[in-house]
Amino acid sequence: MALTPKILVPMTMTERRYSRAEDGIRAEDGNSDGNGDSGGNDRGNVGIATKTRSRTKQPTPYRVLMLNDDYTPMEFVVLCLQRFFRMDMEAATRVMLHVHQKGVGVCGTFSYEVAETKVSQVMDFAQQNQHPLQCTLEKA
C-alpha cells in the first residue's frame with residue numbers, strides 16, 4: 001500500500017477537535033507560532049486540516065497467451081476463445097488465425113489470479129476433449 005502526499009480535506013471544528021494524532025490527522029492553525037500559542041489572538045477557529053490518505057496499488061496486469069500446435073482443430077480454439085474469454089465469433093476467429101499464423105496470440109489481459117484461472121480452465125477443457133492445446137500467462 002503506497003502512501004500519497006498530504007491532501008487538504010475540509011473539516012469542521014468539531015471534527016478537528018475530536019480527531020486524534022494517531023489517526024493521522026493534524027490540525028494546522030494559520031495563526032500558530034508552532035508551540036500551540038495563537039499569539040494572543042482568539043480566532044483559533046480558522047485553520048487547515050491535513051490528512052494522509054493511502055491508495056491501493058493497481059494489480060500487475062498479465063497477458064493470457066494461446067500457443068499454436070498442429071493437432072488442435074481451429075474450431076476448438078474458437079470455441080475456447082468464445083467460452084472462456086467472452087469473444088464474439090469474429091474476434092475469436094481473428095485471434096485464432098493470429099495464433100495459427102504467428103505461433104502465439106494474446107487472448108486477454110487480466111490480474112494474476114484471473115489470468116491463472118483462465119489458463120487452467122482452457123487447459124482442463126482441452127484435456128477433457130483430448131486436444132494438446134497450450135495456454136500460458138506472462139507479465140504485460
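Predicted model: local features only at pLDDT ≥ 70, side-chain atom pairs only at ≥ 80, totals over all residues.
How many disulfides does the count come to? The count comes to zero disulfides.

Start with Cys 107. The closest cysteine sulfur belongs to Cys 135. The gap between the two sulfurs is 5.1 Å. A disulfide needs the sulfur atoms within 2.5 Å. The sulfur of Cys 107 is therefore too far away for a bond. Cys 135 is likewise in no disulfide. Its nearest cysteine sulfur is that of Cys 107.

Are these cysteines buried or exposed? Cys 107 has 7% relative accessibility, so Cys 107 counts as buried. Cys 135 is buried too, with a relative accessible area of 7%. The cut-off for buried is under 20%.

## How H2 and H3 pack

Two packed helices are described by the angle between their axes and the distance between the axes. Helix H2 covers residues 74–85. Helix H3 covers residues 89–102. Their packing angle is about 125°, and their axes lie 9 Å apart. H2 and H3 are therefore oblique to each other. The crossing of H2 past H3 is right-handed.

## Who makes the contact

Which residues of H2 and H3 make the contact? From H2 come Met 74, Val 77, Val 78, Leu 81 and Gln 82. From H3 come Met 89, Ala 92, Thr 93, Val 95, Met 96 and His 100.

Now sort the residues of this contact by type. Eight are nonpolar. Three are polar. No charged residue takes part in the contact of H2 with H3.

Methods. Residues numbered from 1 in each chain as written. Heavy atoms only, no water. Axes fitted to C-alpha atoms, helices over the stretch in contact; angles between N-to-C directions. Helix = DSSP H or I, 4+ residues; strand = E, 2+ residues; numbered from the N terminus. Parallel < 35°, antiparallel > 145°, perpendicular 65-115°, else oblique. Left-handed = near helix turned anticlockwise from the far one by under 90°. Contact = heavy atoms within 4.5 Å. Nonpolar A, V, L, I, M, F, W, Y, C, P; charged D, E, K, R; others polar. Buried < 20%, exposed > 50% of the residue type's maximum accessible area, 1.4 Å probe, protein only.
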